[in-house]
Amino acid sequence: MDPLAILHQAIADAPTAVAGIDSRESLERVEAELLGKDSPIGQVRRSMGSLDDELKPRVGAKLNEATARIDRLLDEKRMAVQEAEESRRLLEEEIDVTLERVTFPAGSLHLVQQTIDEIVDIFIGLGYQVASGPEADLAYYNFDALNTPPSHPSRWESDTMYLDWGAPEDEVLLRTQTSPVQARWMESHDPPVYIVVPGRTFRKDTIDATHLPVFHQIEGLAVDENITFGDLKGTLLHFAREFFGPKSQVRLRPHFFPFTEPSAELDVSCFACDGGVPGCRVCGGAGWLELLGCGMVDPAVLETAGYDSTRLSGFAFGMGPERIAMVRHGIDSLRHFIENDVRFLRQFR
Ligand code: DAH
């Protein structure tokens, strides 16, 4: 057969053969069929030597043209096949980044704990140590060692939760205050004493906006030589300014606690109205906010703990972090602290 006719036919047939390629394998197969040794083009190439001199250049030129055209077709197809395979692979390996991942909501410290930490930090800054004591304590430490006589109404069963009655010296109760740690610390440590005692306290109260049967206190105790009432006021003024702001003022009102003499209640000037805007949302116009109880440690408390009250003096204070957090954040009920409604808790992260 005429080699030129064969090459014409090969060029004409190629597009259809190439169009049928849909994979690497079929590409290789069709490439062999179109350009390989046994392909029509391959046969013409082999027969070149035996062609007439006159025919040879024309067949040679056509052979090159056919080879180049088919090569180009195959190259285009090769790219198309590679692209198709690539996108198929991407599709198979695709990660759906819009899929919701499993998350674990991060919690945060409770507002009461945050408040305790902040208050304690202020006293640590003054060189105080953090002390603690048992929540179930002897009546001795909760009352007797703190100069509280057996007849004192706070000892009544209506106010205090007793765990064990027994003989007076064996009575065990849930501490009603953190003050017993004063006596425990002094019993086992030499002066000077500079401690703060954050902890849980218990009273026989029914839950309402201003009472919880389980709440917290932070006790403070400083005992050293030459401690005066001025030190008490200066220390608590520093605390008030650190916690409520540098413009805060404090005032002391006479009060009574069995374990301090004299005793006082400490008020801080209202941080919202700076003291006396009628109808202030924080202080109601009073200008002052009740903060804590305090006083000079009664010499009897020092003596009971084995301290020499002629050489040493001290001051003590006790505050409620729940109350302080309420005042600071305008929280209207203690119930919020125990209901654990995340809508409340999330406001204080
Ligand atoms: N323990 C007292 C209370 O629960 C608070 C208190 C007042 C503690 C005066 C003190 C203090 O250390 O000196 O009401």
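Author: A salt bridge here is a side-chain nitrogen of Lys or Arg within 4 Å of a carboxyl oxygen of Asp or Glu. The model is predicted. By that rule, the count is 19 salt bridges.

Start with R78 and D75. They form a salt bridge, and their closest N and O atoms are 2.6 Å apart. Both belong to helix α4, residues 56-93. They are three residues apart there, which means about one helical turn separates them. R78 is partly exposed, at 26% relative accessibility. D75 is partly exposed too, at 43%.

Next, take R200 and E135. Their side chains meet in a salt bridge, at 3.6 Å from N to O. R200 lies in strand β5, residues 193-202. E135 lies in the loop between β1 (129-130) and β2 (136-138). The pair therefore ties together parts that are 65 residues apart in sequence. R200 has a relative accessible area of 37%, so it counts as partly exposed. E135 is partly exposed at 31%.

Now turn to D144 and R155. Their side chains also meet in a salt bridge, with 3.1 Å between N and O. D144 sits in the loop between α6 (139-142) and β3 (162-164), and R155 sits in the loop between α6 and β3. So this pair ties together parts that are 11 residues apart in sequence. What is the burial state of R155, buried or exposed? R155 is buried, with a relative accessible area of 11%. The cut-off for buried is under 20%. D144 is partly exposed, at 29%.

Salt bridges can also join up. R251, R253, E265, D267 and E290 are linked in a network of them.

Now for the ligand. In S179, a side-chain N or O atom is 3.0 Å from a nitrogen atom of the ligand. In R203, a polar side-chain atom lies 2.8 Å from a ligand oxygen. In Q217, a side-chain N or O atom is 2.8 Å from an oxygen atom of the ligand. Taken alone, the ligand exposes 360 Å², and the protein buries 90% of that.

Where does the ligand sit? The ligand is in the largest pocket.

Definitions and conventions
Residues numbered from 1 in each chain as written. Predicted model: local features only at pLDDT ≥ 70, side-chain atom pairs only at ≥ 80, totals over all residues. Heavy atoms only, no water. Helix = DSSP H or I, 4+ residues; strand = E, 2+ residues; numbered from the N terminus. Buried < 20%, exposed > 50% of the residue type's maximum accessible area, 1.4 Å probe, protein only. Polar contact = N/O pair within 3.5 Å; in protein donor to acceptor, adjacent residues only side chain to side chain. Areas by Shrake-Rupley, 256 points an atom, 1.4 Å probe, with all protein chains shown as cover. 1 Å grid on protein atoms, 1.4 Å probe; cavity = no way out; pocket = protein on both sides within 12 Å on 5 of 7 lines; lining within 4 Å. Sits in = over half its atoms within 2 Å of the grid points.
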